[in-house]
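Student: I'd like a close look at a single part of this model, one loop and the places around it. Could you walk me through it and then step back to the rest of the chain?

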Amino acid sequence: CKILRCNSEYVAATLHLRGPGRGAAFCTALRSYSLCTRRTARTCRGDLAFHSAVHGIEDLMIQNNCSKEGPTAPPRPRPPASNSHGFESLDICNYERSFLYKHGRPPGFQHCAAFGDPHIRTFHNDFHTCRVEGSWPLLDNDYLFVQATSSPVAKGSNATVTSKLTIIFKNMKECIDQKVYQAELDNVPAAFQDGSVNGGPRPGGSSLVIWERSPGRHVEIRADYIGTTIAVRQAGRQLSFSIRAAEEVAQAFTEEQDLQLCVGGCPHSQRMSRSPHGRGRVPTETARALCREMLPVEDVYFQSCVFDVVTSGDTNFTMAAHGALEDARLFLPDAEKLHIFQ
């Protein structure tokens, strides 16, 4: 399927067209884009990016009063390939292909998660349990802003849980419009706030997509234009967040963006011990037995599960820790770092 070549030729043809005088040249570029997609229709009919491009072209032609009949631009000559992957590999809205083309190797990835109390697994495999009541940024970089809002797990408890998640995918050139995703307890939608399920009408709009894994309980957001995948889950009365981010994306921030729980973990003043003190709502041994059913390895996920069940009395927290472990199994670049022991 050659749809990525059609996309990149259209982007190159329209990149410098600005202002009211762009009409005729813009329509020519759209007709050329349409012709290119028709030529690829046979091999691309099962490709999501192809169908997104076809619908996007129709909308843009209507918006710009372009006729379907008229001149088209000859295909641009393709520069010689500098390696065996060829020029098509350099697709601006496919981060992994573009990185491979530029560097001759696949990119590195990092994993962060926030679940339960909340417990934070940072990009550097540090693990903290936090009290962080209110709103705190998990990520704040050039591409993403993720904020978690926490509230007490139970009346009179120091422990908190994530009750709301806000994720902002920042506007990016030819790829996506800015998109905001928001989840709250009992409302984990399979769409962005504007009702869309992708990055919008731009040529690379299909490089940001939401998939519903379990209705109202688990969504996955794939942001191929930045090589990033995010999972949002609800288990019991808490939300959890997991991310697999390209290293370059995770590290794209300035000194001013210094408070990010995924980068530095919880501030020291907000860290808690995972040894439950005082009277819990469930006996510790009962909690351990429940958690062991879902988490046979007694690592930090197991410890977190025990802490959450004892503190809250909610056995659904076993599912929160199990879901976080499953996400880590999928998202971690190094399987040997799956379990953390403290």
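Tutor: Happy to! Let's start with Asn125, which is partly exposed, with a relative accessible area of 23%. Please keep in mind that this is a predicted model. Buried means under 20% and exposed means over 50%, so the 23% of Asn125 puts this residue in the class in between. Asn125 sits in the loop that links E2 and E3. Its backbone deserves a glance as well: the phi of Asn125 is near 65°, which is a positive value in a residue other than glycine. For background, most residues other than glycine have a negative phi.

Thr122 is found between strand E2 (119-121) and strand E3 (127-130), and Thr122 is buried, with a relative accessible area of 0%. What does Thr122 touch, leaving aside its neighbours within four places in sequence? Its contacts include His111 and Cys112, and there is also a run of residues from another part of the chain, namely Leu261, Cys262, Val263, Gly264 and Gly265.

The peptide bond leading from Asp117 into Pro118 is cis, with an omega near 15°. As a reminder, most peptide bonds are trans.

Positive phi values turn up elsewhere in the model too. Asp186, in the loop between strand E7 (179-184) and strand E8 (208-214), has a positive phi of about 65° although it is not a glycine. Asn65, which follows H3, also has a positive phi, near 55°.

That brings us to H3 itself, which covers residues 48-63. This helix has 16 residues and spans 23 Å from its first C-alpha to its last, close to the 22 Å expected at 1.5 Å a residue. Its buried residues are Ala49, Phe50, Ala53, Gly56, Ile57, Leu60 and Met61. They take up an arc of only 130° around the axis, which means they lie on the same side of H3. The face turned away from that buried side carries Ile62 and Gln63, both exposed.

Which helices do the buried residues of H3 pack against? Their partners are helix H1 (3-14) and helix H2 (23-44). The axes of H1 and H3 come within 10 Å and cross at roughly 35°, and the crossing is left-handed. Here Ile3, Asn7 and Tyr10 of H1 meet Ala49, Phe50, Ala53 and Leu60 of H3. By type, the residues of this contact are six nonpolar, one polar and no charged.

Finally, the whole chain. The protein chain has nine helices and 12 strands, and its C-alpha atoms fill a box of roughly 80 × 40 × 40 Å along the principal axes. Of its 342 residues, 50% count as buried. Among contacts between residues at least 6 apart in sequence, 57% join residues at least 24 apart.

Methods. Residues numbered from 1 in each chain as written. Predicted model: local features only at pLDDT ≥ 70, side-chain atom pairs only at ≥ 80, totals over all residues. Heavy atoms only, no water. Helix = DSSP H or I, 4+ residues; strand = E, 2+ residues; numbered from the N terminus. Expected span 1.5 Å × (residues − 1). Buried < 20%, exposed > 50% of the residue type's maximum accessible area, 1.4 Å probe, protein only. Arc of directions from axis to C-beta. Contact = heavy atoms within 4.5 Å. Axes fitted to C-alpha atoms, helices over the stretch in contact; angles between N-to-C directions. Left-handed = near helix turned anticlockwise from the far one by under 90°. Nonpolar A, V, L, I, M, F, W, Y, C, P; charged D, E, K, R; others polar.
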